Amino acid sequence: MPFPIWTALTDQFPSLAASALAFAPGSSDTLYAGTGKFSSSSFSGRAIGILKTTDGGASFQLIGENDFRDLNIRKLVTHTIIGGPDPIEMVLAGTLLNDAR
């Protein structure tokens, strides 16, 4: 294929500003995308939470929208805790308050 064909998969979300990315440990199909702006542009999108895909980017769901609304996500770190019957997947988010009101 000489030219890639792109398909919009996240246009239904209120913001497309991706500020941080992290793959889940051991799974290249699971990706977390933090939202928020880190530029002086007034056209950047606002922070709405974390977009998550578990199917390699074929679909996304918004998670943490109540916890991370208006908090620009600067860094995402993923970790899996093993020790019990089921592994626990954790996502840690470093944030900044969006002060542009």
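**Note on the predicted model: strand pairing, pocket and selected residues**

1. Ala-18 stands opposite Thr-35, the latter in β2. The two strands concerned, β1 and β2, run antiparallel and are joined by six bridges; strands are taken to pair if DSSP finds at least two bridges between them. β1 and β2 form a hairpin with two residues between them, and Gly-26 in the turn has a positive phi of about 80°.

2. Residues are numbered from 1 along each chain as its sequence is written, and side-chain values use heavy atoms, with hydrogens and water left out.

3. As to the overall architecture, the protein has one helix and six strands. Read from the N terminus, the order of elements is β-β-β-β-α-β-β. Helices (H or I, at least four residues) and strands (E, at least two) are DSSP runs, numbered from the N terminus.

4. β2 pairs with strand β3 (residues 50–53) in the antiparallel sense, over four bridges; here Tyr-32 stands opposite Lys-52 in β3. β3 in turn pairs with strand β4 (residues 61–63), again in the antiparallel sense, over three bridges. In this pairing Leu-51 stands opposite Leu-62 in β4.

5. Of the 101 residues in the protein, 29% are buried. Buried denotes under 20% relative accessible area, exposed over 50%, and partly exposed the range in between (1.4 Å probe, protein chains only). The protein exposes about 6,900 Å², of which carbon and sulfur atoms supply 56%. Accessible areas come from the Shrake-Rupley method with a 1.4 Å probe; for residues, only the protein chains shown count as cover.

6. Among contacts between residues at least 6 apart in sequence, 42% join residues at least 24 apart. Contact means heavy atoms within 4.5 Å.

7. Which residues lie nearest the centre of the largest pocket? They are Thr-10, Ala-18, Ala-33, Leu-51 and Phe-60, out of 14 lining residues. β1 and β2 (27–35) are the elements that give two or more residues to this lining, and the largest share, three residues, comes from β2. The volume of the largest pocket is about 200 Å³.

8. The lining of the largest pocket divides into ten nonpolar residues, three polar and one charged. In this classification Ala, Val, Leu, Ile, Met, Phe, Trp, Tyr, Cys and Pro count as nonpolar, Asp, Glu, Lys and Arg as charged, and the others, Gly among them, as polar. The pocket search uses a 1 Å grid over the protein atoms alone: a pocket is an open set of points with protein on both sides within 12 Å along at least five of seven lines, a cavity is a set of points where a 1.4 Å probe fits but cannot get out, and lining residues have an atom within 4 Å of a point. Grid points are joined across faces, edges and corners, and a volume is the space filled by probe spheres set on the points.

9. Thr-10 is found in the segment before β1 (18–24). Is Thr-10 buried or exposed? Thr-10 is buried, because its relative accessible area is 19%. Leaving aside neighbours within four places in sequence, Thr-10 is in contact with Leu-16, Leu-51 and Phe-60. The C-alpha atoms of Thr-10 and Ala-58, 48 residues apart along the chain, are separated by 10.0 Å.

10. Asp-67 is placed in helix α1 (residues 65–68). With a relative accessible area of 58%, Asp-67 is exposed. Its C-alpha atom is 9.8 Å from that of Ile-50, 17 residues away along the chain.

11. Asp-70 lies in the loop between α1 and β5. Its phi is near 65°, a positive value in a residue other than glycine. Asp-70 is partly exposed, because its relative accessible area is 33%.

12. Leu-71 belongs to strand β5 (residues 71–81). Leu-71 counts as partly exposed, at 22% relative accessibility. Leu-71 and Gly-34 are 37 residues apart in sequence and 9.8 Å apart in space, C-alpha to C-alpha.

Technical notes:
Predicted model: local features only at pLDDT ≥ 70, side-chain atom pairs only at ≥ 80, totals over all residues.
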